[in-house]
Amino acid sequence: MKNEKIFASAKQLGLVSCHDCHLLSRWPKPAHRQIALCPRCGGPLHQRKVHSIARTWALLLAAIILYIPANVLPMTVTTTLGSAQADTIMSGVSYFIHSGSWEIALVIFTASIFVPLMKFIILIYLLLSVQFKSVKRPKDRTVLYRITEAVGRWSMVDVYVVTILVALVKLGVLANIEAGPAAIYFASVVVITMIAAESFDPRLIWDVMEVDA
Amino acid sequence: MQQIACHECDLVHTVPKMAVGTSARCVRCGSVLFSIKAQSIDRTLAWTIAGLVLYGVAVSFPFLTMKSGAIMQQTALLSGMQQLFLQGEIVLATLVLLTCVLIPLLQMLILLYVFLPLKLNIRAIYAIPTFRLFQHFRPWSMIEIYMLGILVAIVKLAKIATIVPGLAVGAFGLLVIVLTCAISSIDTHLIWQRLGSD
């Protein structure tokens, strides 16, 4: 670790690390319209994820737009003896608070509202910090990225709750639950933010440090 | 001298000699470079086979049953997806089917296909692209989240009806644990070395 040479990135050394099998190999500098393949696993090699920033922005903005109908439209439509009731994500949360199951309210609020919003904010922050070549707290930003990547999938829980309710409450005219139009928007938000987080390359955070050093 | 680059900050490290059960972390950003796991292949295979048995129980036995007065509504694991499909939510039904039913099954089948030949020291065809596919599937297998969804749904309906969890719910809950164990027993570093050395 005292060796100076150890603080060099693969890119600086003219090497490339495979995304799939992590084999470190010499970067063959493919010509235009050519791609390099990993000599071990055959996966496509890139020193940095391709168009990482543009892709992440595009997906992130798409997710933010879809997040609006996901919250405004109803997730479920419950019909009880002819009268219909539409529930949004937020009205689901307040139902649980009022019915005394605050733990469940907390789960739904965290997974469906807090996590997606935090993901939007963190990804915007990471993208801007990379674009403005910030050198501040790279390690903390890497940790933020790691958390964002790991936690995003849990937002799917509301979609699964709808799936289960729809199967269980199917009693004809007595009571019936149908998936509302928000369900597909919300599922899209989760899927698209997962792909957005995956498109972001955390190594971009560190590239600035090496240019300065 | 074998080298490895951190996949989060791209810093190049020399692979140290490591004891079983330890992990190497990046000196700069702190992310795990790789871990050396004990009897990785045997343990992964054992968990995978257990998982496949539980999977069979989870899809075929009664899942949740709602009882309210004289009315009883019994469901299976796939009922919800089928119902979404009937309501015209085809994309949503497909998404749930993929993330909670098909991808977990594929994960286990791939593990069996890749690890069993490694155990027997034979070469499975297309083992390398298959294992790459497995790694891409990882974030999309969401049975642990579905399990949380079951708990939320039970609490939500508790006020209006009695929900009886069937045998399949128990199997599904165990599957969540077993699949997590299977995946965490995989020594990715070792597997790629074995697959690459053939």
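**View 1. B:Gly88, after helix H2 of chain B, in the predicted model.** The residue B:Gly88 follows H2(B) and has a positive phi, near 90 degrees. The model shown here and in the other views is predicted.

**View 2. Buried residues of helix H2 of chain B and their cover.** Helix H2(B) spans residues 79-86. Within H2(B), the buried residues are B:Ser79, B:Gly80, B:Met81, B:Gln83 and B:Leu84. Their cover includes elements of both chains: helix H5 (157-168) and strand S7 (175-179) from chain A, and H3 from chain B.

**View 3. The hairpin of strands S5 and S6 of chain B.** Four bridges join S5(B), residues 64-68, to S6(B), residues 71-74, and the pairing is antiparallel. B:Ser68 lies opposite B:Ile71 of S6(B). Two residues stand between the strands of this hairpin, and B:Gly69 adopts a positive phi near 65 degrees.

**View 4. The side of chain B that touches chain A.** Contacts link 49 residues of chain B with 49 residues of chain A. On the chain B side, two or more residues each come from strand S1 (3-5), S5, S6, helix H2 (79-86), helix H3 (90-119), helix H4 (127-137), helix H5 (143-157) and helix H7 (188-197). H5(B) provides the largest share, 10 residues. By residue class, this side of chain B comprises 29 nonpolar, 14 polar and six charged residues.

Notes. Residues numbered from 1 in each chain as written. Chains lettered and ligands numbered in written order. Predicted model: local features only at pLDDT ≥ 70, side-chain atom pairs only at ≥ 80, totals over all residues. Pairing = 2+ DSSP bridges. Contact = placed C-beta atoms within 7 Å. Nonpolar A, V, L, I, M, F, W, Y, C, P; charged D, E, K, R; others polar. Buried ≥ 20, exposed ≤ 12 C-beta atoms within 10 Å, placed from the backbone.
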